[in-house]
Amino acid sequence: MSVFAYEIHATDGAARTGVLKTPRGDIRTPAFMPVGTAGTVKALYMDQVKETGADIILGNTYHLMLRPGAERVKRMGGLQKFSTWQGPILTDSGGFQVWSLSKLRKMNEQGVTFQSHIDGSKHHLSPERSIEIQADLLGADISMQLDECTAFGCTPAEAQASLELSLRWGQRSKDAFGSRDDQVLFGIVQGSVFEDLRRQSAEGLKEIGFDGYAIGGLAVGEGFEQMCDVLDFTTPHLPVERPRYLMGVGKPIDLVEAVARGVDMFDCVLPTRSGRHGQAWSDYGPINIKRAEFIEDDTPLAPEIDCPASRDYSKAYLNHLFKSGEYLSAMLISWHNIAYFEHLMARIRAAIAAGEYEAFRREFRAKWDQGIA
Ligand SMILES: Nc1nc2c(CCc3ccccc3)c3nc[nH]c3cc2c(=O)[nH]1
């Protein structure tokens, strides 16, 4: 049984809305979790992140163990104190980032050794070391098991071997984590795009027993249709009473469709990463602020969103800031994007609570398909 109570307040089809209660604050679900890779949600103050409606942010074991170092974060009081974020933090276990960022990595049953992409220094991650970093040194409220994110396009045999490694690492992660009274551990489902393998991975994780279940191995190039198919045949095998977290997803349409398939938690770098490149998100998709049509457009990005960046600045001014390479451009568009994603999640939660999620989903899809004028 988990130490974090997960209350489902309403369901509508496979969609659920409720709250995941943690010692550092409640997480309203379905939840979008802004990514704070190096202990900062890039270009935002933590109080701005809080004001947008975000209840939890993400940290990255890989980045923080390389810089400033996990033991150093511990000496500074842990990631919450160090970053001044007062609420709950979820950290990834680091394996995914090793594969996407590091150099000269070698993996075996024990774990993975790699060279830092920053200064080439040598590091290693094992299930035991990852748990020590996340739970003991960074002090994450929610830790993730160390897993292998199976590459998209692998064969069923490769996906099977990979999910079995992740299950063995899941057991070792849980053994290292032990039982704690104010932190929890999530398992991660793998199995690529194969229905029988996804079921095998989900069953294996339930055998081990976790406080929450993440769906990994997606948002790795499989595309929207295949992501939805994998969700269709994976979430039914996950415990209904525990939270489901879809890692690395996604665009607004992905969130709306994944919620309809029973997902409760999401993370994506899209709002902040695209914000730094001048993309501002809406129900119709992204607009690129540098386009000529905005040069004298004195309307704000989204007057209906209670966020200064969405409501109080004209597109003309944002266009000017972006083209001038001003820091304020990244700050304001990132702030709007996080506020837009959190506003979308609030609308999703309200629609489920009202039993109107199918109507919300249909209306959203119509706007998304219509696109930017
Ligand atoms: N451990 C793990 N992480 C993934 C991430 C990073 C999510 C993350 C968590 C916390 C901070 C940053 C990023 C993925 N991002 C896109 N697809 C992803 C798949 C996996 C996966 O299969 N396993």
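**View 1. The loop at Thr 84.** Thr 84 sits in the loop between helix 4 (79-83) and strand 6. Helices (H or I, at least four residues) and strands (E, at least two) are DSSP runs, numbered from the N terminus. Thr 84 is not a glycine, yet its phi is positive, about 70°. This is a predicted model, in which local features need pLDDT of at least 70, side-chain atom pairs count only at pLDDT 80 or more, and totals for chains, interfaces and linings use all residues. Residues are numbered from 1 along each chain as its sequence is written, and side-chain values use heavy atoms, with hydrogens and water left out.

**View 2. Confidence along the chain.** Mean pLDDT (the predictor's confidence in each residue, from 0 to 100) is 97 for the chain, and 99% of its residues reach 70 or more. Confidence is lowest in strand 7 (residues 103-107), at a mean of 90. Strand 3 (residues 25-29) has the highest, at 99. The model scores ipTM 0.99 and pTM 0.98.

**View 3. Two cis peptide bonds.** Arg 67 and Pro 68 are joined by a cis peptide bond, with omega near 15°. Pro 68 belongs to the loop between helix 2 (61-66) and helix 3 (70-75). The bond from Val 249 to Gly 250 is also cis. Its omega is about 5°. Gly 250 is in the loop between strand 13 (244-246) and helix 10.

View 4. Eight strands form an open sheet with parallel pairing, in the order 4-14-13-12-11-10-6-5. Strand 4 (31-34) and strand 5 (57-60) each have a single partner strand, so one side of each lacks a neighbour in the sheet. The twist averages 25° from one strand to the next. Two strands pair if DSSP finds at least two bridges between them. Strand 5 and strand 6 (residues 89-92) pair over four bridges, in the parallel sense. Here Asn 60 stands opposite Asp 92 in strand 6.

**View 5. Helix 9 beside helix 10.** The axes of helix 9 (residues 223-234) and helix 10 (residues 252-259) come within 10 Å and cross at roughly 20°. Axes are lines fitted to C-alpha atoms, for helices over the stretch in contact, and angles run from 0 to 180 degrees between N-to-C directions. The two helices are therefore roughly parallel (angles under 35 degrees). Phe 224, Met 227, Cys 228 and Leu 231 of helix 9 make the contact (heavy atoms within 4.5 Å) with Ile 253, Asp 254, Glu 257 and Ala 258 of helix 10.

Terms used:
Angles under 35 degrees count as roughly parallel, over 145 as roughly antiparallel, 65 to 115 as roughly perpendicular and the rest as oblique.
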